[in-house]
Amino acid sequence: MKQFADAIAAGASGPELEAMPIPESFRAAYVVRDEQTMFEGRASADKDPREATHIGEVATPELAPDEVYLAVMASAINFNTVWTSIFEPLPTFGFLDRLGRESRWGARHALDYHVLGSDASGVVLQCGSAVRNWRPGDRVVVHCNYVDDQDPAAHEDSMKASNQRIWGFESNFGGLADLTIVKANQLMPKPAHLSWEEAAVNALCAATSYRMLVGDNAARMKQGDSVLVWGATGGLGGYACQLVLNGGGVPIGVVSSPDKAELLGQLGVEHVIDRSAEGYRFWSDDHTQDEGEWRRFGKKVRGLIGDDPDIVFEHPGRSTMGASVFAAKRGGTVVTCAATSGYMIEYDNRHLWMKLKRIVSSHFANYAEAWAMNRLIDQGRIQPILSKTFTLDDTGLAAWQVHHNLHEGKLGVLCLASEPGQGITDPDKRERIGEDRITLFARHAASLEAAKGAA
């Protein structure tokens, strides 16, 4: 794959790239089936992605008619990368085996290793016979909705298809590699003003946030809506706050440290709640929630904006759902897409039904929603939230940092790109949008590391 990396760096044309032979194997980050019980008996926090994540050569799969071979220049870490690498809440090989039973092309995925990664930026190398809209040499980003068009439900909203999957999590050959196979309907144009790693970190979290807040399938935020955002500097929350601001709303960001509160201020969020400073304990023990703490939290929100929030952007799950349902405005909406603190949630249903609130589920995004979010990024209205960049060899370390919430925003991973900052093809556009805006999260993370080093 180094020949492809060199050719791309030298500006090779699409026909030149297409004429180069695809190698029989490529470097990838993966977990193996034989080790899926290695963490049995350990608490979740003690399961270490560095122990399970391997870096090595894997065989190149055959290309299906609706797919492309993609040279992966950069990728990113998501929570599903962590889940796969610690085999929790269950090993992902079951997903691969189910996909393997669907068709001849699905059978390629049911292997004894699972290549990780649900984000990528890169260059199309070869196209399958059914691919119409993309050509070798195209610079693209990848969204992770892995679906075909043979389920009638997919034609209303592809996320409703019975065989909808998340690429790199419920399918094999993910983006944390030098090469991947990607369906043509996963591709979107790479924003020309961004580097490979800045472009790679966006699609999964940004599109998820877009569907939750802006699209027709979840909360449908209006101008002026107030939105309570949990984890407001994280992979989802960092995009959510920007979407609320861009859409004429009022974000209330909840974070866990003064440093993250400072970052939100630089992002333009006026109303911030630092959970560590306030000391909220929504659970008095493992089985009992404290409504008094919900009320104290709700009072804090009202003290900031003068009202309860129209929308609660919920993704921690068990630790916060009770407070989210309580805090939402009468007639308001709690929109949920995840459960990073646990998926067995509890809330007081009286606060839901008697005050006419609703809980709306949301899961990733369909192609139209992902495309619309990518367009906002391309226009410079929404900025990448890349805070730090790792090499592919350090994928396990990066996943460990996400597992222990030692990061802000998103962590990027260089694959074929040899160093950060490559891949920018429109520097004038970048200058117009503003280097300081584009690199806010990275600069903030670097300043924190420098301060810790000085101390």
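This is a predicted model: local features need pLDDT of at least 70, side-chain atom pairs count only at pLDDT 80 or more; totals for chains, interfaces and linings use all residues.
Two packed helices are described by the angle between their axes and the distance between the axes. Helix α7 spans residues 203-213, and helix α14 spans residues 367-378. Their axes lie 9 Å apart and meet at an angle of about 110°. Angles of 65 to 115 degrees count as roughly perpendicular. The two helices, α7 and α14, are therefore roughly perpendicular to each other. The crossing of α7 past α14 is right-handed.

The contact involves named residues on each helix. From α7 come Ala206, Ala207, Tyr210 and Arg211. From α14 come Glu369, Ala370, Ala372, Met373, Leu376 and Ile377. By class, eight residues of this contact between α7 and α14 are nonpolar and two are charged. No polar residue takes part.

The cysteines were examined next. A disulfide is a covalent bond between the sulfur atoms of two cysteines. The whole structure was searched, and zero disulfides were found. A pair of cysteine sulfur atoms must lie within 2.5 Å to count as a disulfide. For Cys144, the closest cysteine sulfur belongs to Cys205. The distance is 8.9 Å, so the two sulfurs of Cys144 and Cys205 are too far apart for a bond. For Cys415, the closest cysteine sulfur is that of Cys144. Here the separation is 16 Å, again too far for a bond.

Accessibility was computed for two of these cysteines. Cys144 has 0% relative accessibility and so counts as buried. Cys415, at 6% relative accessibility, also counts as buried.

Notes
Residues are numbered from 1 along each chain as its sequence is written. Side-chain values use heavy atoms; hydrogens and water are left out. Axes are lines fitted to C-alpha atoms, for helices over the stretch in contact, and angles run from 0 to 180 degrees between N-to-C directions. Helices (H or I, at least four residues) and strands (E, at least two) are DSSP runs, numbered from the N terminus. Angles under 35 degrees count as roughly parallel, over 145 as roughly antiparallel, 65 to 115 as roughly perpendicular and the rest as oblique. A crossing is left-handed if the near helix is turned anticlockwise from the far one by less than a right angle, and right-handed if clockwise. Contact means heavy atoms within 4.5 Å. Ala, Val, Leu, Ile, Met, Phe, Trp, Tyr, Cys and Pro count as nonpolar, Asp, Glu, Lys and Arg as charged, and the others, Gly among them, as polar. Buried means under 20% relative accessible area, exposed over 50%, partly exposed in between (1.4 Å probe, protein chains only).
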